[in-house]
Amino acid sequence: MRKSLIITLIAGVVVMLGVVSCSKNVYDENTHRELIHYFSAVDSVDQQHMWMLSESKSLRYQVPSGSYKQLRIYSANPISNSKAELMNQIYVSGNQSGVLTVDVPYQVTTLYAALVDASGNLTVASFPSSQGSEETIDFSAATTGKALSTLKPQTYTYLFEENYPEPGDYDYNDVVMRVSQERTAVNQITVNVTLSAVGAEKQIAGCIRLVGYSYDDIDSVYTTTGVTFNDGINDQTLYPFGNIFSDKTVAHSLLMKGRNQEAVLNLFCDAHWAMAFNINADYGLFTRKKYNVMDPYSDYYDTDVYQSRSERTLSYVITFKEDNQLVINSLDNFCQETLDPFIITYYNGGNFETHVEQFKAAKVFADYSVASFKDLPWALMVPQGDFLYPQEGNEIGYRKKLESGVVAMMGAYATSGHSFGEWAEDHTRFLDWYLYPNTSMTY
C-alpha cells in the first residue's frame with residue numbers, strides 16, 4: 001500500500017512540475033504534505049510543536065551601590081564551575097535598575113547573576129529559573145570571588161536539512177553551525193560562528209538575520225581576524241543565488257539588507273567552499289565533498305565522497321550607531337532569539353530559505369511558499385555547543401508503529417524515555433533527548 005502510494009505521489013509531483021515548469025518556485029502544498037508525511041521518521045508530530053528547547057526570560061535587576069561596571073548572567077556559578085557559560089552581559093553602574101533578557105535552556109534550573117567591579121571581582125547571586133515568568137535578581141545573599149576561566153558565551157548548535165521544500169533524510173548534518181553572541185561594548189555585539197560540518201550535496205548559502213534590527217541601525221561589521229568564509233571564492237559559483245548575490249560587492253560584504261530593510265550577516269555564499277578553504281588539501285582542485293559527517297575509520301568512509309576538515313570559526317563584530325539611543329538601550333535584550341541563522345538553497349528555478357520553526361516564514365531575501373503543515377522541521381536549534389550531530393545516513397530519531405503494533409525506535413537519539421521521536425510526538429516532554437546520544441551514530 002505504502003509503496004503504491006509513494007509511486008503515485010512521486011508521479012504526481014513529476015506531472016505537476018512538467019505542467020508548470022516555466023513557473024518559478026513551483027510548490028504544491030497538498031502534494032508535498034503527503035510526500036513528506038510518508039517519508040517522515042515519526043508517525044505523528046505534535047501540532048503545537050515549535051521545536052524549541054529553550055525560552056526567552058526577562059530578568060529584573062537592581063544594582064547595589066558600588067563601583068560596578070557589568071552585570072553578567074551565567075548558566076552555572078563562574079566562581080566554582082569552569083564550565084559556566086555567559087548567557088548575557090550588559091553595562092551598568094551602581095544603583096542602576098532595569099530589565100535584561102536571556103535565553104534559558106529548559107534543562108537549566110538555576111541561573112547565576114554576577115556583578116563585575118573595576119578589578120574584575122565578581123559578586124554572584126543565584127536564583128531559580130522558573131519557566132514563563134519574570135524573575136527579580138536578589139543580591140542580598142551574594143558571594144564574591146574571581147571567575148575560574150575566561151568568558152565562554154552560551155553556544156547553540158543549528159542543524160539544517162538541504163532539501164526544503166522536499167523531504168529530508170533527517171540526519172540534520174547538511175549544514176551544522178555553532179553560534180553564540182556576546183555584548184563586547186556598550187554599542188557592540190560580537191557574533192561567533194563555527195562551521196562544523198557540511199553534509200550537503202548541492203551548493204548552500206548561509207546568513208544570520210538580526211531580528212528586530214534594520215540595516216540602517218548598524219555602523220559597521222568586521223571579523224576579528226579580517227578574513228571571511230567567502231575569501232577567494234570564484235564569483236561564477238554565485239549563479240544559483242543570482243537574485244540575492246547579483247552584485248559581487250554585496251556578495252563579499254559582511255552586512256546585507258533584507259527585503260524588509262532588515263540587517264543580515266552574510267556568512268557564506270557556498271558552504272563547501274567555506275569549509276574547504278584550504279584548497280591545497282584538494283591538490284588545487286575544488287570539489288564538493290561531505291565534510292565531517294562520517295567516521296574516517298568507518299568501512300563506509302570513501303575519500304572520494306567524505307573528508308575530514310578542521311572546524312572554522314569567525315567572530316563578527318557588529319557596531320551599532322551611537323546616535324540611536326533606543327537601539328543602544330535595546331542591546332540589553334539582545335539574546336540568542338535575536339539571531340536567525342538560515343540557509344538558502346536553489347530549487348526548481350527559485351531560491352528557498354530554511355529557518356528554524358520560530359522564523360520559518362521570515363522570507364528575508366526570497367519570496368517563496370512556506371509550508372504551513374507540521375511535520376519534522378528542516379532546521380533544529382539545540383542549546384548545546386558541543387552537540388553530537390548524526391553521522392551521514394543515520395536519522396536523528398526514528399519512531400513508528402509497525403503492523404504488529406510494536407513501536408520501532410532507532411537512530412542517533414533513540415533512548416527510550418529520552419528520545420527525539422518521543423519529543424516529536426509531545427513538545428512538552430522528553431526535552432532532554434539531546435543529552436542521550438548513541439555515540440556510534442554521531443560525529
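## Strands S2 and S3

Let's start with a facing pair: Leu71 sits opposite Ile90 of strand S3. This is a predicted model, and in it strand S2, spanning residues 68-74, runs antiparallel to S3, with five bridges joining the two. S3 itself covers residues 86-91 and is mostly covered, with five of its six residues buried.

As a reminder when you look at these strands, side chains in a regular strand alternate between the two faces of the sheet.

Eight of its nine residues are buried, so S19 is largely enclosed by the rest of the structure.

S19 has a pairing with strand S12 (residues 205-214), which is antiparallel and has six bridges. Here Cys207 stands opposite Phe342 of S19. S19 also pairs with strand S20 (residues 350-354), again in the antiparallel sense, over five bridges. In that pairing, Thr345 has Phe352 of S20 as its bridge partner.

## The largest pocket

Now for the open space: the largest pocket holds about 420 Å³. Its lining has 15 residues, and those closest to the pocket centre are Ser75, Lys83, Glu85, Pro383 and Gln384.

What is the lining of the largest pocket made of, in terms of nonpolar, polar and charged residues? Six residues are nonpolar, six are polar and three are charged.

Definitions and conventions. Residues are numbered from 1 along each chain as its sequence is written. This is a predicted model: local features need pLDDT of at least 70, side-chain atom pairs count only at pLDDT 80 or more; totals for chains, interfaces and linings use all residues. Side-chain values use heavy atoms; hydrogens and water are left out. Buried means under 20% relative accessible area, exposed over 50%, partly exposed in between (1.4 Å probe, protein chains only). Helices (H or I, at least four residues) and strands (E, at least two) are DSSP runs, numbered from the N terminus. Two strands pair if DSSP finds at least two bridges between them. On a 1 Å grid over the protein atoms alone, a cavity is a set of points where a 1.4 Å probe fits but cannot get out, and a pocket is an open set with protein on both sides within 12 Å along at least five of seven lines; lining residues have an atom within 4 Å of a point. Grid points are joined across faces, edges and corners, and a volume is the space filled by probe spheres set on the points. Ala, Val, Leu, Ile, Met, Phe, Trp, Tyr, Cys and Pro count as nonpolar, Asp, Glu, Lys and Arg as charged, and the others, Gly among them, as polar.
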